[in-house]
Amino acid sequence: MAAHAVSPLTGGLLRRGVTLHPRRRLLAVAAVAPEAPAPTPAPSQLPPSPAPPRKGYYPKRGETVELTCEALAFKGKGVCKVAGSTFVLLCDGALPGERLLARVRRLRRGAFAEAAKLRTLEPHHDAVEAPCPLAADCGGCKTQSLAYAAQIRHKHLQVRDLLVNFGKFDPKLLESSEPDAILKPIVPCDEIFRYRNKMEFSFGTKRWMQRVWKEEEVVKEEVNEADGYALGLHAPGFFDKVLHVEKCFLQSEPADKVLAVVQETWMDPALRLTPYDVHKHVGFLKHLMIRTGRNISTGTPEVMVNFVTSCYKPDLLMPLVDNITKIPEVVSVINNVNTSVGNTSVGEQEYTLYGKPNITEMLRGLTFQISANSFFQTNTKQADVLYKLIEDSARLKGDGSEIVLDLFCGTGTIGLTLARRAKHVHGYEVVPEAIADARKNAKLNGINNATFVQGDLNKINESFGKEFPKPDIIISDPNRPGMHMKLIKWLLEVKAPRIVYVSCNPATCARDLDYLCHGVKFFRCSGKGRTHLLIAVRHEYHGEILDLILFITGYTFHDFDMTEELFYLLFGLAVENNTRHDPGLGSYWTTDPKTRLGLC
Ligand SMILES: C[S@@+](CC[C@H](N)C(=O)[O-])C[C@H]1O[C@@H](n2cnc3c(N)ncnc32)[C@H](O)[C@@H]1O
């Protein structure tokens with residue numbers, strides 16, 4: 001299969017195996033409506049007048065440019081332009097409405113460039129003071145100085161544009177004022193700090209210093225880097241530079257206590273602890289992962305600390321363990337040993353150095369065990385809201401007659417919350433440890449009508465679906481690359497009356513929705529009845545607030561491909577005459593109206 005197209009604008013993988021033309025990748029952002037202009041400042045406050053319009057401007061690497069940020073792209077990068085030019089420069093830390101000085105870092109196949117922000121010339125609209133003193137330099141949070149309401153507005157715009165440009169949905173139908181508008185309002189998060197139940201900090205040999213600005217002086221990037229050990233989060237765009245972090249507003253207070261104790265202890269020369277050098281591949285400490293759960297009897301926080309190291313030397317870790325276990329909330333200390341040169345935190349071996357091998361958390365009245373490497377939604381409160389929405393959207397009759405298929409089930413959380421109202425839940429997941437956790441979680445909650453199977457949903461064959469009855473409700477919650485074409489094909493063939501699609505990447509979600517909703521040649525559905533497609537999109541920014549966006553569509557299908565019905569009866573989108581090649585299946589996709597009506 002060809003290399004995946006990685007789009008910084010859309011968050012990564014789009015069409016599997018198809019490299020999108022770089023201009024096309026820009027579409028998702030180019031269509032974002034610019035913000036309303038900021039109120040005009042008094043003449044005394046006016047910044048120096050911008051450079052004259054530069055038509056046909058093309059940046060040079062290393063050049064310092066004055067930019068205006070117009071919108072936010074996926075992962076919070078600012079979409080910036082030089083005055084008078086249409087050329088897009090993506091810039092970390094630039095926010096809509098801001099005028100800034102930046103240095104051009106990379107040119108991306110002539111279609112757009114990446115730039116590093118040097119300093120603000122004029123602040124953005126909706127500016128708020130970032131509570132974290134590291135916010136301007138840390139790769140963890142990118143939009144802390146943007147009012148939360150504005151963050152939500154931008155996320156909404158991004159999702160809408162992705163659905164229009166990649167999902168091929170009619171913008172009028174997406175956002176009509178009718179109650180059946182497809183794009184529902186974002187469900188915001190009540191808590192905008194300390195909401196993450198898991199943070200992963202890196203140990204590093206290159207400490208990234210905070211920038212100090214002197215009036216009118218352009219500080220060189222190199223000045224920010226100094227040799228020295230660090231424990232913290234990566235500087236934006238650098239895998240080898242770590243910003244030293246002593247407390248983090250994203251994690252729980254007990255987790256902050258752990259971080260502080262580790263920081264006080266680990267650099268003591270007497271302990272002979274060394275950070276792992278990602279260039280030379282020497283050193284011991286790789287990552288510090290801190291997870292926060294809840295004691296199911298008392299409801300108080302319980303914390304797991306996971307040291308990821310390059311080899312197994314528990315004696316070296318013991319002084320750290322002794323200190324952190326003085327914190328009453330710490331109930332588990334784990335050591336994952338990862339001998340590979342890669343940067344992941346999953347070890348080949350896992351050892352429990354103190355307490356229990358896992359912590360617990362409660363969601364929708366159920367108890368879940370979480371081990372160091374199992375997937376668990378990172379915002380517990382918002383996960384509760386999401387699962388409630390899923391339950392509502394699934395609309396199980398509650399008479400115990402329906403079959404639920406939970407694809408990408410992780411530790412079984414969604415399926416288990418639905419099991420109480422279903423006949424049986426069948427869960428599929430690739431990670432064996434997650435399947436083991438799912439089975440344990442079923443037992444822990446006295447649920448006997450759930451079966452969890454380990455399997456790779458990217459590699460399904462004709463026998464998939466034979467081992468369980470035809471599902472009434474399918475939950476699909478893939479990770480960021482979205483669903484494989486084989487799975488989409490199977491979903492279209494099985495014609496479950498209801499699909500709930502939960503996504504953490506609106507770009508691949510938009511692509512999958514296009515495939516699911518707008519037709520694939522050779523896929524035809526027959527039969528009559530009501531079919532609903534429900535899509536819940538969990539819109540996640542790295543280190544940012546988790547919002548939920550719920551799309552609900554319903555349609556009736558008759559003799560045609562279910563996607564045709566959706567296309568014509570529900571959305572009535574304009575038909576284009578073009579044909580796309582889908583290398584995943586070796587077949588052709590078409591938007592030809594005759595094909596869409598199943599007449600081919
Ligand atoms: C976004 S998580 C969802 C987990 C679960 N539904 C939840 O809410 O906790 C996606 C899950 O898909 C699993 N996964 C990723 N690729 C997979 C594949 N090819 N086949 C099956 N499962 C996969 C991951 O291990 C992860 O547990």
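The UniProt annotation "binding site", taken from an unreviewed entry, covers Gln 377, Phe 408, Glu 429 and Asp 477. In this predicted model, Gln 377 is placed in the loop between strand S16 and helix H6 (380-394). Gln 377 has 25 other C-beta atoms within 10 Å and is therefore classed as buried, the threshold being 20 or more. Asp 477 occupies the loop between strand S20 (473-476) and helix H9 (485-494). Asp 477 is likewise buried, because 24 C-beta neighbours lie inside 10 Å.

The ligand is surrounded by 19 residues. Phe 408, Gly 410, Val 430, Leu 457 and Asp 477 are the closest of them. By class, the shell around the ligand consists of 10 nonpolar, 6 polar and 3 charged residues.

S18 has parallel partners in strands S17 and S19. The pairing with S17 (residues 403-407) is made over 5 bridges, and Ile 403 stands opposite His 424 of S18. S17, helix H7 (residues 413-419) and S18 form a right-handed β-α-β unit. From S18 the chain then crosses through helix H8 (residues 432-444) to S19, and this β-α-β crossover is also right-handed. S18 and S19 (residues 450-454) are joined by 5 bridges, with Gly 427 opposite Phe 452 in S19.

Two arginines have backbone angles to note. Arg 194, although not a glycine, has a positive phi of about 55°. Arg 194 is found in the loop between helix H3 (171-174) and strand S8 (198-208). With 15 other C-beta atoms within 10 Å, Arg 194 is partly exposed. Arg 364 is not a glycine either, and its phi is positive at about 45°. The loop that holds Arg 364 runs between strand S15 (358-363) and strand S16 (366-371). Arg 364 counts as partly exposed, because it has 18 C-beta neighbours inside 10 Å.

Conventions. Residues numbered from 1 in each chain as written. Predicted model: local features only at pLDDT ≥ 70, side-chain atom pairs only at ≥ 80, totals over all residues. Near = placed C-beta within 6 Å. Nonpolar A, V, L, I, M, F, W, Y, C, P; charged D, E, K, R; others polar. Helix = DSSP H or I, 4+ residues; strand = E, 2+ residues; numbered from the N terminus. Buried ≥ 20, exposed ≤ 12 C-beta atoms within 10 Å, placed from the backbone. UniProt positions renumbered as here; feature names shortened; annotations may be inferred. Pairing = 2+ DSSP bridges. Right-handed = clockwise from strand over helix to strand, strands pointing away.
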